[in-house]
Amino acid sequence: MPPKGGSRKTELRACLICSVLQSTNDFLTQGCPNCEEILEMRGSAERVAECTSVTYDGMIAMMEPSESWVARWQRIDKKMRGIYAVRVTGRPPPDVIEAIEARGGVYRPRDAVED
């Protein structure tokens with residue numbers, strides 16, 4: 001059972017591109033450790049709200065992404081070590097998807113199983 005009143009809970013948010021979990025303040029002050037170049041969240045509360053979600057399922061603590069089958073399965077094997085959500089609900093704004101594709105990447109939603 002979750003603790004009741006009086007406890008301090010840091011609400012984590014998940015990046016809609018890579019699924020890394022951080023506090024709102026961390027996204028605001030540091031940006032996303034994997035996607036900041038595209039998302040440009042540092043210093044913008046509005047951008048943090050658009051590009052992250054509080055709705056996610058599960059957590060993965062990733063220490064050695066390049067050596068983990070779980071990281072490969074989650075498509076985070078080339079990302080920074082950290083805590084990641086298993087599934088994230090939500091989609092980034094269209095300009096983010098366009099920026100990913102303009103760089104030759106492919107946007108893959110983090111909230112559904114691929115067909």
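Below is a short exchange about how features of this predicted model are named.

User: What kind of model is this, and how are its residues numbered?

Analyst: The model is predicted: local features need pLDDT of at least 70, side-chain atom pairs count only at pLDDT 80 or more, and totals for chains, interfaces and linings use all residues. Residues are numbered from 1 along each chain as its sequence is written, and side-chain values use heavy atoms, with hydrogens and water left out.

User: Which helices and strands does the protein have, and in what pattern?

Analyst: The protein has five helices and five strands. Helices (H or I, at least four residues) and strands (E, at least two) are DSSP runs, numbered from the N terminus. Along the sequence they follow β-β-α-α-α-β-β-α-β-α.

User: Why are β1 and β2 called a pair?

Analyst: Two strands pair if DSSP finds at least two bridges between them. Strand β1 (residues 12–15) and strand β2 (residues 21–23) are joined by three bridges, so they count as paired; they run antiparallel. Leucine 12 has serine 23 in β2 as its bridge partner, and arginine 13 stands opposite glutamine 22 in β2. In the hairpin of these strands, five residues lie between them, and serine 19 takes a positive phi near 75 degrees.

User: What joins β1 to β3?

Analyst: Two bridges join β1 to strand β3 (residues 52–53), and the two strands run antiparallel. The bridge partner of alanine 14 in β3 is serine 53.

User: Why are β2 and β3 said to stand at the edges?

Analyst: Three strands form an open sheet in the order β2-β1-β3, with antiparallel pairing. β2 and β3 each have a single partner strand, so one side of each is left without a neighbour in the sheet.

User: How do you know that cysteine 15 and cysteine 18 are in no disulfide?

Analyst: A disulfide is a pair of cysteine sulfur atoms within 2.5 Å. A search of the whole structure finds zero disulfides. For cysteine 15, the nearest cysteine sulfur is that of cysteine 18, 3.8 Å away. For cysteine 18, the nearest is that of cysteine 32, 3.6 Å away. Neither cysteine 15 nor cysteine 18 is in a disulfide.

User: What makes cysteine 15 and cysteine 18 count as buried or exposed?

Analyst: Buried means under 20% relative accessible area, exposed over 50%, partly exposed in between (1.4 Å probe, protein chains only). Cysteine 15 has 0% relative accessibility, so it counts as buried. Cysteine 18 also has 0%, and therefore counts as buried. Of the 115 residues of the protein, 34% count as buried.
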